Amino acid sequence: MIQKNKNIRHQKLNPFSSVYSDITDGNAEHLKREHSLIKPYQGVGTSPSSQWDFWGSTLVTSQYVRLTPDERSKQGSIWNTVPCYLKDWEMHVQFKIHGSGKKNLHGDGFAIWYTKERLHPGTVFGSSANFLGLAMFIDTYPNDEAPDRSFPYISAMVNNGSLPYDHGKDGRSTELGGCSVEIRNRDHDTYLAIRYSKGRLTIMVDVDDRNDWKECIDIGGVRLPTGYYFGASAATGDLSDNHDIISMKMYQLMVEHTPEEDNQDWTKIEPSVSLLKSPKDNIDDPTGNFRSTPLTGWKVFLLLLCALLGIVVCAVVGAVVFQKRQERNKRFY
């Protein structure tokens with residue numbers, strides 16, 4: 001469990017375990033201020049010394065960073081200007097989504113990004129659909145209107161630039177996992193924790209402000225490079241909401257790596273996920289679950305071979321049965 005504003009509970013690394021501790025809060029000495037957005041938001045602006053830059057409808061106040069107001073057709077974003085070279089990290093996002101719209105009459109949501117490029121406006125919550133890196137989507141409006149999923153919905157996607165996020169389908173074909181959460185118009189702030197360590201991505205939420213963190217996504221086999229940028233963006237369409245970022249705090253995780261991992265050039269890693277089934281195979285699947293992969297040449301060959309063997313076996317069995325009957329009939333003459 002994460003204890004907000006408490007010191008990290010250090011645990012010794014178990015060399016026989018790929019994940020050596022649950023998600024925890026960061027110690028102050030491991031807070032990376034160059035990657036953190038904290039009140040009163042000093043270092044935000046367009047000057048050469050600024051560590052955060054913003055675009056669009058974003059409004060920076062002393063209490064919050066409002067990516068979009070509760071108005072139609074707005075887009076805004078805020079991006080860290082310093083590339084992150086941490087191999088293991090944990091980002092805590094304190095946010096608030098609120099507005100005058102009633103149930104299912106608000107939108108669209110916001111996203112947290114860790115991408116190669118920054119400040120690229122687009123159709124996905126105010127940023128580009130073809131990105132390289134990691135994205136976490138907090139989607140508050142169901143474009144697909146499928147009955148099996150309730151909104152707001154949090155999901156994650158890793159992209160090497162080849163797969164666009166399908167906003168019309170709420171990203172079902174490319175999501176790594178997700179969960180439904182009631183985060184809108186709460187009387188208190190809500191929290192999102194994103195941890196990346198030793199190839200594992202874990203996302204947890206605290207929507208009740210009780211230090212009661214619930215797991216939303218936990219997936220291994222994730223490969224992310226260093227040298228990318230953190231950011232947040234939001235968008236409204238025909239429906240709207242206030243999308244406020246209160247803070248984004250980045251912590252360095254002290255994790256041991258093998259000599260081979262330490263000697264690797266992490267800036268050259270291509271964003272990817274090792275899955276038994278590819279998210280691309282999930283296209284047009286209304287359930288949101290991964291479908292079976294398409295039939296390849298080897299699969300077709302094996303199916304034909306099995307069918308041929310089945311025919312041969314049936315023919316042999318049939319011939320033996322026929323011969324037995326013929327012999328039995330001869331006895332009666």
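1. Strands β3 (residues 65-68) and β15 (residues 242-252) pair in the antiparallel sense, over three bridges. V65 has I245 as its bridge partner in β15. Note that this is a predicted model.

2. That pair belongs to an open sheet of seven strands. The order is β2-β3-β15-β5-β10-β11-β12, and the pairing is antiparallel. The edges are β2 (59-60) and β12 (214-219). Each has a single partner strand, so one side of each is left without a neighbour in the sheet.

3. Check two peptide bonds. Most peptide bonds are trans. The bond from K39 to P40 is cis, with omega near 0°. P40 lies in the segment before β1. A cis peptide bond also joins G107 and D108, with omega about 0°. D108 sits in the loop between β5 (89-98) and β6 (109-115).

4. Next, backbone phi. Most residues other than glycine have a negative phi. D170 has a positive value, near 60°. D170 is found in the loop between β8 (153-160) and β9 (177-180). D170 counts as buried because its relative accessibility is 4%, and the cut-off for buried is under 20%.

5. N185 also has a positive phi, near 55°. This residue is in the loop between β9 and β10 (190-197). Its relative accessible area is 36%, so N185 is partly exposed.

6. Is P48 buried or exposed? P48 counts as exposed, at 89% relative accessibility. P48 is found in the segment before β1 (52-56). P48 and T81 are 33 residues apart in sequence. In space, their C-alpha atoms are 9.7 Å apart.

Methods
Residues are numbered from 1 along each chain as its sequence is written. This is a predicted model: local features need pLDDT of at least 70, side-chain atom pairs count only at pLDDT 80 or more; totals for chains, interfaces and linings use all residues. Side-chain values use heavy atoms; hydrogens and water are left out. Helices (H or I, at least four residues) and strands (E, at least two) are DSSP runs, numbered from the N terminus. Buried means under 20% relative accessible area, exposed over 50%, partly exposed in between (1.4 Å probe, protein chains only). Two strands pair if DSSP finds at least two bridges between them.
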